Amino acid sequence: MPEHRTSRQVNLVSRPDGEPVESDFEVVEVEVGELDDGHVMVRNRFMSVDPYMRGRMNDAKSYVPPFAIGEALAGAAIGEVVESRSDDLAVGDHVVHPLGWREVALVPDSQAQRAPEIADVPLSAHLGVLGMPGLTAYAGLLEVASFAEGDAVFVSGAAGAVGSQVGQIARLKGASRVVGSAGSAAKIRHLIDDLGFDAAFDYHDGSLTRQLRDAAPDGIDVYFDNVGGDHLQAALHALTAGGRVALCGAISVYNDTEPAPGPGNLTLAIGKQLTLRGFIVSSYDHLREPFLDEVGGWIADGSLRYEETVVEGIERAPEAFIGMLAGANTGKMVVSL
């Protein structure tokens, strides 16, 4: 594949201090090495930017190692196999793998998953509604938060890739009420008019505790937390006895340079006998097949909708990442390569 022996990639050149800026990243052209046995060469078509990547830019111990300075970042991508030394994957296969932030990737076949062919679903959907964010929503709501028919559900960051799917799954599974928060009037209209939320509010519009109480006057049984901070504090007030919280993310504090204080009302969890449970989606891969079957069926019959915000070109990947952290996307933010 001589025409692809060089590739552009995005390197991390400095660790962000607070909010990332474009000078923290550098687009460089590199030589593509030789293909080893058991590997495939993938021409990436789309790459994902996700909130968890911000944590990997810090030099801190976590459930995944930090990105290295001067080397390419990594994240989910989907592309076409253009050369193969694998017994399992052939030229022309479309695969999902973890080596995004580059145009061409040399991927061990053990890390490349053939994307299922689903009619009328674009390749990019395997990074969003049918990918990691979708499985996060499905596993987090149904298994981590133990959702049951009749539950009232509140999801923060509800117009994003995960939150938008949480709300719709809850509705399709028989929630008594689905409430979301988002950051603009347009997103609020989208949640109610397009995605079927019963109520939604803009977190910029005053007290979160008051707005959530107005949106769910009888309280909530489940809170799916993508934001943390003040949203978690408001949810603790609204949760009914025995309520459950799926702690998925805390995007409101990812750029903080000092430790953020915890909710001042956490003692409510004692008297209300609440369950607050953090989770990482990689621990729920056993749900992938039922997730694909059920969500794929909902997409096919029009029961579940999804949105994408697409940014063109690898040179704009840092811009897409920074914009995603600031809420510039509706639905999944992806970069077309």
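Which residues point one way from strand S8, and which the other way? In this predicted model, Ala 152 and Phe 154 point to one side of S8 (residues 152-155). Val 153 and Val 155 point to the other. All four are buried. In a regular strand, side chains alternate between the two faces of the sheet.

The protein has nine helices and 15 strands. Its radius of gyration is 20 Å, close to the 20 Å that the globule rule gives for 337 residues, so the protein is as compact as a globular protein of that length. The C-alpha trace spans about 65 × 45 × 35 Å along its principal axes. Of the 337 residues, 50% count as buried. Among contacts with a separation of 6 or more, 67% come from residues 24 or more positions apart. The accessible surface comes to about 14,700 Å². Carbon and sulfur atoms hold 48% of that surface.

Strand S8 pairs with S9 and with S11. Its pairing with S9 (residues 177-182) is parallel and covers four bridges. Within that pairing, Val 153 has Val 178 of S9 as its bridge partner. Strand S11 (residues 220-225) also runs parallel to S8, and three bridges join the two. Here the bridge partner of Phe 154 is Tyr 223. Between S8 and S9 comes helix H3 (residues 161-172). Together, S8, H3 and S9 make a right-handed β-α-β unit.

Helix H3 has twelve residues. From its first C-alpha to its last it reaches 17 Å, close to the 16 Å expected at 1.5 Å a residue. The helix is mostly covered, with ten of its twelve residues buried. The buried residues are Ala 161, Val 162, Gly 163, Ser 164, Gln 165, Val 166, Gly 167, Gln 168, Ile 169 and Ala 170. Their cover includes helices H2 (132-144) and H8 (288-300). It also includes strands S8, S9, S11 and S15 (332-336). After H3 comes Gly 174, whose phi is positive, near 95°.

Ile 220 lies in strand S11. Its relative accessibility is 0%, so Ile 220 counts as buried. His 231 is eleven residues from Ile 220 in sequence. In space the two are 13 Å apart, C-alpha to C-alpha.

Gln 211 belongs to helix H5 (residues 208-215). Its relative accessible area is 10%, and Gln 211 is therefore buried, as this is under 20%. With residues up to four places away in sequence not counted, Gln 211 touches Phe 201, Asp 202, Tyr 203, Asp 205 and Gly 206.

Strand S15 is one of the elements that cover H3. Five of its five residues are buried. Lys 332, Val 334 and Ser 336 point one way from S15. Met 333 and Val 335 point the other way. Strand S3 (residues 39-48) pairs with S15 in the antiparallel sense over three bridges. In this pairing, the bridge partner of Met 47 is Val 335. Strand S14 (residues 308-312) runs parallel to S15, and five bridges join them. Val 311 stands opposite Val 335. The chain passes from S14 through helix H9 (residues 317-325) to S15, in a right-handed β-α-β crossover.

Two loop residues have positive phi values without being glycine. For Trp 101, phi is about 65°. This residue lies in the loop between strands S5 (94-97) and S6 (104-108). For Gln 273, phi is near 55°. Its place is in the loop between helix H7 (268-271) and strand S13 (275-278). Is each of these residues buried or exposed? Trp 101 is buried, with a relative accessible area of 0%. Gln 273 is exposed, with a relative accessible area of 63%.

Terms used:
Residues are numbered from 1 along each chain as its sequence is written. This is a predicted model: local features need pLDDT of at least 70, side-chain atom pairs count only at pLDDT 80 or more; totals for chains, interfaces and linings use all residues. Side-chain values use heavy atoms; hydrogens and water are left out. Buried means under 20% relative accessible area, exposed over 50%, partly exposed in between (1.4 Å probe, protein chains only). Two strands pair if DSSP finds at least two bridges between them. A crossover is right-handed if, with the strands pointing away from the viewer, the path from the first strand over the helix to the second runs clockwise. The radius of gyration is taken over C-alpha atoms; the globule rule is 2.2 Å times the number of residues to the power 0.38. Contact means heavy atoms within 4.5 Å. Accessible areas come from the Shrake-Rupley method with a 1.4 Å probe; for residues, only the protein chains shown count as cover. The expected span of a helix is 1.5 Å times one less than its number of residues.
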